[in-house]
Amino acid sequence: MGGLVGQSRGKAGLRAWGCAMAGLFLIAGCADDGTPKGAASSGTPGTSAAPSSTGGSATGGTGGSTPAARPGASTAIPMPPLDESKQPKTAAEARDLLGRIIIAEQNLGPQVVRSTPFESDPGRWPVLDEACVWQTEGLPDDVLATSTRHFHIPAKDGRGRVRINATVTIHHNREESGWETARAMEEVLRCPDQKLREGEELKRLWGGVFYLGEQMNGWTEDAFSESGDYVDAQDGGPYPYIWSQAQFGPVTMAISAKAGQGVAHDDLTAFVAQGTSVMMIQAKQELGKAAG
């Protein structure tokens, strides 16, 4: 997997994305010269822009009232060794694990509410077709379980609705989850413009993948993000769009956020970083080897 991801990175010339991704994942800003600076303010009520320097525990899939602590600008979530004996072997085990990793609205802040429908069909899988249109198919052989939860922040005080999705996918092993990340990067290269569904599109997408140890990535085996414009036939646009995906062992965890009128790109980053880091903490608690 690493070889294919490396080829994708080189082909797209995306290493300049490093500071921006470090800023997204670690909630740090970037100076004009590309060097990291202090924590960036989200500009959105209900989320704290001040990062914690230590990781914290979080509740499972049903969500608790207190979000887990986020990684600070200079402190990554510790990377424990994977305990392969804890990896799920059946679809039922994978669904159980998924429920303990995926976030609920409480993990994102008091303004965030559930959307309708709230959860995706567990037997379906999104596929980007040759025409760059998203379709759904049955689960592929390398996926044991997957789920997407849909949230939003209602429009208020002249600001449009913010849509937030959280996705967790459980594979058989680390190699399969790594290939998922590689395919995600290739989809951006192949389709910088994508149709989500009738009336909803993503435009001018670009992204980057950084393996553990590259460009300040000290918290996930593969860090993938994409950014671009979101256009909705009802709400207008273009508005900012962000996607962030992380990997630990057989698990991938992703958050996407789509802005509405009056909502800036920076307004989305705290939600994306918060959701991804909470799920990563929970995945490491479930699958990591205990210290000792």
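Start at threonine 169, which counts as buried because its relative accessibility is 1%. Buried here means under 20% relative accessible area, exposed means over 50%, and partly exposed lies in between, with a 1.4 Å probe and protein chains only. This is a predicted model: local features need pLDDT of at least 70, side-chain atom pairs count only at pLDDT 80 or more, and totals for chains, interfaces and linings use all residues. Residues are numbered from 1 along each chain as its sequence is written, and side-chain values use heavy atoms, leaving out hydrogens and water.

**Stop 1: around threonine 169**

Threonine 169 sits in strand β7. Helices (H or I, at least four residues) and strands (E, at least two) are DSSP runs, numbered from the N terminus. Now select threonine 146. Its side chain makes a polar contact of 2.8 Å with that of threonine 169. (A polar contact pairs N or O atoms within 3.5 Å; within protein, one must be able to donate a hydrogen and the other to accept it, and residues adjacent in sequence count only if both atoms are side-chain atoms.) Next, show the residues that threonine 169 touches, setting aside those up to four places away in sequence: Trp125, Val143, Ala145, Thr146, Glu180, Pro250, Val251 and Thr252. Contact means heavy atoms within 4.5 Å.

**Stop 2: the cores**

Select Ile101, Ile164, Val168, Val251, Met253 and Met279. Of the 37 residues in the largest nonpolar core, these touch the most other members. Such a core is a set of buried Ala, Val, Leu, Ile, Met, Phe, Trp, Tyr and Cys residues joined through side-chain atoms within 4.5 Å. Colour α3 (91-101), β6 (143-153), β7 (162-171), β11 (236-248), β12 (251-258) and α5 (265-287): each gives two or more residues to this core. The most come from α5, with 8 residues. Apart from this core lies another, of 11 residues, including Ala184, Val188, Leu202 and Phe224.

**Stop 3: two cis peptide bonds**

Go to threonine 116 and proline 117. A cis peptide bond joins them, with omega about 0 degrees. Proline 117 belongs to strand β3 (residues 113-119). Then pick glycine 237 and proline 238. Their peptide bond is also cis, with omega near 10 degrees. Proline 238 is in strand β11.

**Stop 4: two loops**

Select cysteine 132, in the loop between β4 (124-128) and β5 (134-138). Its phi is positive, near 65 degrees, though it is not glycine. Cysteine 132 counts as buried, at 16% relative accessibility. Finish at aspartate 157, in the loop between β6 and β7. Aspartate 157 has a positive phi too, about 55 degrees. With a relative accessible area of 71%, aspartate 157 is exposed.
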